[in-house]
Amino acid sequence: MMNFKRNLLAVCCASVMILGGCSSQNGIFISYSDINLLKSSDVQDVVSATKADAFTKNIAVISGDGTNGGTKASHVISSESDTEDSATDESTASDDTFDTPSADNTADGSTADHSTVQDVPDPNALSDTPALLVCKSTNEVIYYNDAFKEIAPASLTKLMTALVALKYGVMSDEVTLTAEMNYDITPAAQTCGFLAGDKVTLETLLRSMIVYSGNETANAIAVHVGGNISHFVEMMNNEAARLGAVNTHFSNTNGLDIDNHYSSVYDLYLIFNECMKYDIFVKAMETAELEITYTDSSNNSRTAYFPTTNYYLKGQAVSPEGVTVYGGKTGTTDNAGACLICYALDTYGNEYIAVSMGNQSKDELYSQMNKILSKIQN
C-alpha cells in the first residue's frame, strides 16, 4: 500500500510540475493543496513534515479512512524528522461487547436455555455521528468516527473566520460597521444586534463572534479584513488548504446553511488546533459571559453583555469525572444538527480536543460529548 501511495504521489508531483511549466524550484510541492486529491492521512504517510507548509508542526494523524468507532491506531508526523511514531491497539474486543451465549451446562448436567436472553443496550455507547477525540499533549487520536466525512459545519465555520482575522487583521483596529454585515443573515439567525454606523474594535467583534456566535459579526470581520465578504471567503479556503483541511470548502463566513459549504471533524480539529496558538482566541473560547463597550452611530458609548452558547461554561452540562471542559465553540443549523468542539484537561493536566457533529438536539450533543470525553483515562 505504501508503494502504491508513493507511486501515486510521484504521478501527482509530475503532473503539478508539468502544468506549472516543469518548474521545480519550490521543491516537491508548491503547497499541500497541489495534491488535495488524496486523503490527508494518505499524504501524511508519504510527505516529510519539512516539505509541506501544512505539516510544520506536530499534529495528530488518523490511519485509515477515518471511520471506526473505537480506540484506534494513530501515528504522529513530526517536524523534527522524516519518521512517524505510532501507537497501536490491536485488541479485537472491548468492554462494550458481550460474549455470545453458548450451551452451558447447569449444575445437574442439563443444558441451559438461552433462548430468552437478550443483549442489554449499553448506555455508554456512542451514536454513529462524526466525532473525534485527540490528546493534544501527546498528539494521540483516542477515538474517531467518520473523521473525514464532509458535513455542514454550522457555526464552527467561525473558527476559520477567527483564524484568518487573527492572522491577517489588526485586533486594535476600530471598525465602522456597514449594512454589508447583514448579507444573507436570515431573520431567525442569531446576531449580536450591532447596527450600521457602530464603531467596534476588531478584537471585540472576534470575541463576540466566538462567545455569542453572532452571525453579523463574522460578516463584519470579513468586510474589514478582506475588503469584502467574497474575498474573505477565498482567504478562508486558502487557509484551509494550507492547513491540509482537504475535506473542507467554505461558501460563507458564519456557517449558516448554504450550498457547497462543508468540512469534517478532522479538518475542524486542524483549524481549532491552529486557533489555539492565539491568546485572544483562547481567552474568548473560555469566556462564560462577555462584557463589551463600543460607540454607536451617534457617538454614544454603549455596553453590551453576551452569554456563552457553551452549556459546559454556563453550568447547564457537567463533564465526566476527572475531565474539565475549559471552552470551545458551538454550532447548530438544520443541515448540521447540534455541534461542538471543545478543549478539556484531565486530572494530570493533559490537554484534549473533542469534536461532536450531527446531533439531533442539544441534549443529545452534550450526552454524546460526555461519552466521548469519558474515553479519557485518568
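These are my notebook entries on a few spots I looked up in this predicted model.

**Entry 1: H4 and H5**

I began with a helix pair. Helix H4 covers residues 202-212 and helix H5 covers residues 215-226. Their axes come within 9 Å and cross at roughly 145 degrees. I noted the crossing of H4 past H5 as left-handed. Then I listed who makes the contact. From H4 I have Leu-202, Leu-205, Leu-206, Ser-208 and Met-209. From H5 I have Thr-217, Ala-218, Ala-220, Ile-221, His-224 and Val-225. Sorted by class, that contact holds eight nonpolar residues, three polar ones and no charged ones.

Next I checked the loop between H4 and H5, where Ser-213 sits. Its phi is near 65 degrees, a positive value in a residue other than glycine. I flagged it because most residues other than glycine have a negative phi. Is Ser-213 buried or exposed? Ser-213 has 7% relative accessibility, so it counts as buried, the cut-off being under 20%.

I found Asp-184 in the loop between strand S6 (174-176) and strand S7 (199-201).

**Entry 2: Tyr-262 and H7**

I moved on to the loop between helix H6 (229-243) and helix H7 (265-275), which holds Tyr-262. Its relative accessible area is 23%, so I put Tyr-262 down as partly exposed. Which residues does Tyr-262 touch, leaving aside its neighbours within four places in sequence? I got Glu-150, Ile-151, Pro-153, Asn-247, Thr-248 and His-249. I looked at Glu-150 again: it is 112 residues from Tyr-262 in sequence, but the C-alpha atoms of the two are 5.8 Å apart.

Then I walked along H7 itself. For H7, 11 of the 11 residues are buried, so the helix is largely enclosed by the rest of the structure. The buried residues include Asp-267, Asn-273 and Glu-274. Val-265, Leu-268, Leu-270, Ile-271 and Phe-272 are also among them.

The volume of the largest cavity is about 50 Å³. Which elements give two or more residues to its lining? They are H4, helix H8 (279-285) and S10. S10 gives the most, with three residues. Among the lining residues I wrote down Ile-210, Val-211, Ala-284, Met-285, Gly-328, Lys-329 and Thr-330. By class the lining divides into five nonpolar, six polar and one charged.

**Entry 3: the second largest pocket**

Last, I looked at an open site. The second largest pocket holds about 480 Å³ of space. How many residues line it? I have 25, and those nearest its centre are Ser-155, Gln-190, Gly-331, Thr-332 and Thr-333. Helix H9 (311-314), strand S10 (323-333) and helix H10 (362-373) are the elements that give two or more residues to this lining. S10 has the largest share, four residues. The lining sorts into seven nonpolar, 13 polar and five charged residues.

One point to keep: S10 gives the most residues to the lining of the largest cavity, and the largest share of the lining of the second largest pocket comes from S10 too.

Definitions and conventions. Residues are numbered from 1 along each chain as its sequence is written. This is a predicted model: local features need pLDDT of at least 70, side-chain atom pairs count only at pLDDT 80 or more; totals for chains, interfaces and linings use all residues. Side-chain values use heavy atoms; hydrogens and water are left out. Buried means under 20% relative accessible area, exposed over 50%, partly exposed in between (1.4 Å probe, protein chains only). Contact means heavy atoms within 4.5 Å. Axes are lines fitted to C-alpha atoms, for helices over the stretch in contact, and angles run from 0 to 180 degrees between N-to-C directions. A crossing is left-handed if the near helix is turned anticlockwise from the far one by less than a right angle, and right-handed if clockwise. Ala, Val, Leu, Ile, Met, Phe, Trp, Tyr, Cys and Pro count as nonpolar, Asp, Glu, Lys and Arg as charged, and the others, Gly among them, as polar. On a 1 Å grid over the protein atoms alone, a cavity is a set of points where a 1.4 Å probe fits but cannot get out, and a pocket is an open set with protein on both sides within 12 Å along at least five of seven lines; lining residues have an atom within 4 Å of a point. Grid points are joined across faces, edges and corners, and a volume is the space filled by probe spheres set on the points.
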